Amino acid sequence: MSVVMDADRMSRSLARIAHEIVERNRGIEELGFVGIRTRGVPIARRIAQAIRAINDHEIPTGSLDITLYRDDLMRHAVGPQPVVRRTEIPFSIDDKRILLVDDVLYTGRTIRAALDALIDFGRPRSIQLVVLVDRGHRELPIKADYVGKNLPTSLSQSVQVQLTEIDGRDQVEIQDA
Amino acid sequence: MKKDLLSIADLTSEEIYLVLDTAEAMREIGQRPIKKVPTLRGKTVVNLFYEPSTRTRTSFEIAEKRLSADTLNIAVATSSVLKGETLVDTAMNIEAMAPDMIVVRHASSGACHLLAEICKSRIINAGDGMHEHPTQALLDAFTIREHKKRIDGLKVTIVGDLLHSRVLRSNVLLLTKLGADVWLSGPPTMIPAGIERLGVRVTTSVDEAIAGADVIMMLRIQQERMQGAFFPSAREYFHVFGMTADRVARAKDDVIIMHPGPMNRGVEIASDVADGPYSVILEQVANGVAVRMAVLYLLAGGQEGD
C-alpha cells in the first residue's frame with residue numbers, strides 16, 4: 001500500500017480543477033454539478049465551493065446513484081442486490097452545462113451508466129467529466145475533461161480514495177492485490 | 001432475501017429496513033420527467049390475480065413498468081380458470097413460458113406457498129386469503145416511518161375486522177418485529193382466538209386502544225369473507241367501532257390515520273376522518289409503488305445459497 005495523494009495535494013488538485021472549469025466555461029450561471037455516489041458527491045461540493053471562492057457564484061449540486069443503470073446488475077444473479085441510494089438533483093438539467101464528478105475513472109462503465117441516468121432527467125446542453133484520479137484501463141470510449149491526477153496502475157492494483165466527509169481523512173492510496 | 005416474498009415472517013428486521021431504504025431511493029424515480037429505469041429490462045413479471053383488486057394490481061404493474069420489466073396480467077375472469085383449470089395447472093403452464101416473477105393474489109390462505117414450492121419463478125404474495133399481504137405491511141411501515149421517523153416504540157392501534165384481515169396479520173408481524181407497541185380492537189366476534197400470542201394488546205374498547213396512539217390503522221369490514229352475522233348492522237358497527245373525529249381526538253395530536261383500502265365510508269371510518277388532516281390514506285397508495293419497486297428489485301437478485 002502506498003499513498004499517492006495526501007490532503008494538501010488533493011486540495012491543490014481540486015482548486016486547480018475549479019480554476020480550469022471557470023476558465024473553460026464562460027457563462028458560469030449555466031453550470032450544474034452532479035456527483036456520482038458515493039465519493040463523487042463531496043468532491044463535487046468541494047469544487048463548487050472552490051468556484052464560489054473564486055467568483056462568488058453558487059453552482060447547484062446534485063447527487064446521482066447509478067446502481068439501477070449498471071450493466072452488470074442482472075447478468076450473474078448471485079448474492080444480494082447492490083444497495084440503491086437516493087438520487088437528488090434539485091435543479092433542472094435542461095440546457096445546463098453539467099459537470100459530472102466521480103472519484104476514480106477506471107473502466108468507464110460507471111460513467112456510461114451515469115450518462116444514461118442523466119439523460120432521463122432532461123437534455124443538458126453538454127456534459128463534462130471531472131475525476132480526481134484517472135487510473136487508466138478504459139473498456140469504453142470515455143475520457144475525462146478535468147483530471148486531478150493521472151495514475152498509472154496495473155489491473156491487479158486497487159485505488160482507494162478517502163475523503164474527510166466519509167472516511168475521516170483526505171488521501172488516495174494504491175493497494176496491491 | 002429469500003427466493004420468494006410470501007410472508008413478513010420470512011424477513012429479518014434488517015431485510016425490512018433494506019426494503020424501506022431501497023423504497024426511499026425508488027420513490028424519486030416517480031418524480032422524474034421520465035419515470036423509468038432500465039433495471040429489470042428483459043425480465044418478465046406475471047400478475048396472477050384470482051381476486052378483484054384495483055390498488056394492488058395497478059401498483060404492482062406501475063412498479064414493474066417503472067423498472068422496465070415486461071408485465072402481463074392474468075385476470076381470472078378472462079382466463080382458463082373458468083374452464084376448471086386448477087391453480088397448480090395454471091401456474092405450471094405460466095411457468096412453462098419462463099417468467100422471472102409471479103405476483104399472486106388468491107382467496108385461499110397458503111396459495112402462494114404452494115406455488116413457491118412448485119415454481120422456479122420468484123413468487124410475490126399480493127394477498128392470500130386471510131393469511132398475509134406482505135407488501136401492504138411494508139408500505140404501511142414506510143408511510144409510518146416517513147411521518148414518525150421511526151417505528152420502534154410507537155403506539156399503533158389497529159381497529160376493525162381482525163378475523164378476516166391478511167393486512168392485519170402482516171402488519172402485526174412487521175410492527176412487533178420492529179418494536180412497535182401494537183394494540184388491536186374490534187368486535188369480540190371478530191377477534192381471532194390467541195391473537196395476543198403475537199405480542200399485541202387486545203381490547204374491545206376502541207377508546208382505550210386509541211388513547212395516546214401515534215398511528216391508527218383502520219381495517220375494512222370484509223363482507224365477502226363473512227359467513228354468518230358478526231355484528232347486528234353496519235350502523236351499529238359504525239357507532240361502536242367506527243373512526244370518528246371525536247374518537248381521533250383521544251389519540252396523540254400528531255396521529256396519522258391509515259386504511260389499506262378499499263374503504264367503507266360510514267362503516268369503519270367517517271368520511272370527514274378519511275379525508276381529514278390526519279389521514280395519510282392516499283400517501284399509502286403513492287408509497288405502494290415505491291415499496292413494490294424495492295421488493296421487485298431486491299428479489300430479482302441472487303438468493304441465499306446461490
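## A tour from A:Leu68 into chain B

Start by selecting A:Leu68, which sits in the loop between β3 (61–64) and β4 (97–105) of chain A; helices (H or I, at least four residues) and strands (E, at least two) are DSSP runs, numbered from the N terminus. You are looking at a predicted model, where local features need pLDDT of at least 70, side-chain atom pairs count only at pLDDT 80 or more, and totals for chains, interfaces and linings use all residues. Residues are numbered from 1 along each chain as its sequence is written, while chains are lettered from A and ligands numbered from 1 in the order in which they are written.

Is A:Leu68 buried or exposed? A:Leu68 counts as buried because it has 25 C-beta neighbours inside 10 Å; the cut-offs are 20 or more other C-beta atoms within 10 Å for buried, 12 or fewer for exposed, and partly exposed in between, with C-beta atoms placed from the backbone.

Next, show the contacts of A:Leu68, leaving out residues up to four places away in sequence: A:Val84, B:Val37 and B:Thr39. Contact here means C-beta atoms, placed from the backbone, within 7 Å.

Now bring up both chains: 17 residues from chain B and 17 residues from chain A make the contact. On the chain B side, α1 and α11 each give two or more residues, and α1(B) has the largest share, four residues.

Finally, colour chain B by domain: domain 1 is 8–133 + 287–299 and domain 2 is 134–285, with bounds from an automatic or database domain assignment. Their C-alpha centres lie 25 Å apart.

Conventions
Contact = placed C-beta atoms within 7 Å.
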